[in-house]
Amino acid sequence: MLLLHPPLAKPGEPPAALWISPDEQRLAIGGSQSGIPVKILDLQTGRFVGNLLAHGGVVTAAGFSPDGKHLLTVEQAGVTRLWGVEDFKAAATFKIPAHIAAALVFDSDSNPVVFISGMDRMVKRVHPLDSTSETFERGHRDLVTALKVDPAGKRVVTCGRDRQTIIWD
């Protein structure tokens, strides 16, 4: 067991999500409230090695590139940033639609693909690099509250307030 000091967050600001790098050396920790930075932890030492400070909103999804050199973060308002994991600087910023739930993968060419769902209850596949998107057929009768995608980006699973779980192929 590895106990982290200092703790991940202040009381009342619990971490909302965790993402592990492909080489299992780094952990990205996302906050549950606006303005909480994404923290980067070295999994070997248990020490924090950096903060990604630029997001002003809640980070809904993040993911490491296949080579582990970049981390893509997505916030609820649609601001999407590609970060260098060594220098913790934003290498690029993109804008995608605002959403409630999000998940992401990197395609076979190492380009990010973000899956989102918003107030319209529609699931979309968004390509931040060229601002293109595809919309899935309507499936939920109420808000989508959780969204997960397999590593290859082929299968998406959504859960909603309508108490349905849908697997999209």
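**Salt bridges and strands**

The salt bridge count here comes to three, going by a side-chain nitrogen of Lys or Arg within 4 Å of a carboxyl oxygen of Asp or Glu. Keep in mind that this is a predicted model, where local features need pLDDT of at least 70, side-chain atom pairs count only at pLDDT 80 or more, and totals for chains, interfaces and linings use all residues. Residues are numbered from 1 along each chain as its sequence is written, and side-chain values use heavy atoms, with hydrogens and water left out.

Start with Lys 124 and Asp 120, whose closest N and O atoms are 2.8 Å apart. Lys 124 is buried at 19% relative accessible area, while Asp 120 is partly exposed at 32% (buried means under 20%, exposed over 50%, partly exposed in between, with a 1.4 Å probe and protein chains only). Next, Arg 125 meets Glu 134 at 2.6 Å, N to O.

Then there's Arg 155 with Asp 169, at 2.8 Å between the closest N and O atoms. Arg 155 sits in the loop between strand 13 (144-149) and strand 14, and Asp 169 in the segment after strand 15, so the pair ties together parts 14 residues apart in sequence. Strands are DSSP runs of E, at least two residues, numbered from the N terminus.

Between those two residues, strand 14 (residues 156-160) and strand 15 run antiparallel, joined by four bridges; strands pair if DSSP finds at least two bridges between them. Thr 158 stands opposite Ile 166.
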